[in-house]
Amino acid sequence: MEPRDLSMHTPYRAGRGVEEVARELGLDPDDLVKLSSNENPFGPSPAAVEAVRDAAPTVHTYPKAEHTDLSQMLADRWDVAVEQVWLSPGGDGVLDYLARAFVDPGDAVLVPEPGFAYYPMSARYRDATVDSYRLSREDDFAQTPETVLENYDDHRIVYLTTPHNPTGSEIALDDIETVAERTDEETLVLVDEAYAEFTDAPNARPLLDDREDIAILRTFSKAYGLAGLRLGYALVPAEWADAYERVNTPFAVNSLACRAGMAALDDDEHVEKTVETARWARSYMHDNLDAPTWESGGNFVLAAVGDGTAVSDAAQREGVIVRDCSSFGLDDCVRITCGTREETKRAVDVLNEVIT
Ligand code: PMP
């Protein structure tokens with residue numbers, strides 16, 4: 001027996017894990033610094049850890065009340081109706097749910113290149129065709145309405161990422177509005193704000209008041225440090241918010257994630273420390289790395305190091321794991337997640353040693 005033809009579905013390659021690398025290199029996992037997956041170097045909020053512990057004895061029940069409570073908390077924060085909050089297993093779940101809600105087989109979607117690998121994957125599960133718009137390195141990966149619209153041809157979903165992974169570039173709110181304005185009213189502009197906590201740029205929330213063609217992706221994986229719990233959400237316009245009940249996998253967001261999410265949302269200190277350290281780390285890397293870097297609004301920096309694979313392999317042997325960007329089509333680059341001050345300094349020292 002064979003699965004259906006999955007040849008168009010490329011496997012997702014995540015950044016390498018500490019245990020995996022330690023085993024391969026015969027190193028102690030505690031001596032490794034992992035800066036390859038844009039995770040929170042401070043871990044989760046202590047309040048979230050406590051919430052998970054407290055909730056552990058009740059995991060025999062389905063997560064209904066917790067789901068409602070977290071959705072309500074987010075609705076209050078964003079000043080939207082509770083139906084406009086689509087909780088999902090990670091930001092990845094948002095991509096699945098919006099593809100389920102909007103894409104018919106044969107529809108086309110438009111993704112950035114380079115860009116986040118799960119945009120095309122989630123659309124292809126719906127048998128969509130995938131086109132791309134290029135962010136050009138000559139323009140420092142600038143995102144303008146023109147870069148996006150040059151390749152627009154009545155696509156069903158247009159994906160925008162701000163700050164953008166892996167380059168760190170951003171797209172201004174006015175420009176997002178221009179893209180939405182100039183595309184067909186049946187085109188959804190999906191604004192991926194997975195890293196938005198790390199930038200001062202205004203978020204796209206105000207657009208939801210006047211537009212039906214925008215959805216915003218948010219996640220607890222980055223600034224909130226809950227990547228392992230898989231928690232994210234979309235903010236969607238009121239007009240079609242009720243589609244959630246038809247596309248949501250029942251109970252896909254688990255109760256521990258919901259409780260941790262609520263605790264994390266209330267821990268301003270943890271988020272502030274995380275964001276402040278990421279800002280420091282970005283400028284430290286720009287100033288001290290012996291390689292050109294790009295301006296970044298996220299918790300990572302893209303650096304042109306020559307041979308990205310060779311440099312990331314060599315850094316790894318020295319205990320620092322960074323992301324080789326060849327899978328993004330950027331063979332000469334690595335992406336370095338902002339660590340703690342100590343981790344970031346060590347990463348820069350090691351990278352400077354191995355960059356030739
Ligand atoms: N969007 C972007 C741009 C990302 O980089 C990621 C994760 N690396 C996600 C969405 C999804 O993150 P998660 O599923 O962990 O919330």
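**View 1. Make-up of the shell around the ligand in the predicted model.** The shell residues divide into four nonpolar, six polar and four charged (Ala, Val, Leu, Ile, Met, Phe, Trp, Tyr, Cys and Pro count as nonpolar, Asp, Glu, Lys and Arg as charged, and the others, Gly among them, as polar). Of the 14 residues around the ligand, Gly91, Asp192, Thr219, Ser221 and Arg230 come nearest; a residue is near if one of its heavy atoms lies within 4 Å. With three residues, helix α4 (residues 90-102) gives the most to this shell. Helices (H or I, at least four residues) and strands (E, at least two) are DSSP runs, numbered from the N terminus. Residues are numbered from 1 along each chain as its sequence is written, and side-chain values use heavy atoms, with hydrogens and water left out. This is a predicted model, in which local features need pLDDT of at least 70 and side-chain atom pairs count only at pLDDT 80 or more, while totals for chains, interfaces and linings use all residues.

View 2. An oxygen atom of the ligand lies 3.0 Å from a polar backbone atom of aspartate 92. Side chains also take part: an N or O atom of asparagine 165 is 2.8 Å from a ligand oxygen, and a polar side-chain atom of tyrosine 195 is 2.8 Å from an oxygen atom of the ligand. The ligand taken alone exposes 400 Å², of which the protein buries 93% (Shrake-Rupley method, 1.4 Å probe).

View 3. Threonine 219 is in strand β7 (residues 214-219) and has 5% relative accessibility, so it counts as buried (under 20% relative accessible area; exposed is over 50%, partly exposed in between; 1.4 Å probe, protein chains only). A polar atom of its side chain lies 2.9 Å from the backbone nitrogen of serine 221. The backbone oxygen of leucine 231 is 3.5 Å from a polar side-chain atom of threonine 219.

View 4. Threonine 162 and proline 163 are joined by a cis peptide bond with omega about -5°. Proline 163 is in the loop between β5 (157-161) and α7 (173-182). The bond from asparagine 165 to proline 166 is also cis, with omega near 15°, and proline 166 is in the loop between β5 and α7.

Conventions. Polar contact = N/O pair within 3.5 Å; in protein donor to acceptor, adjacent residues only side chain to side chain.
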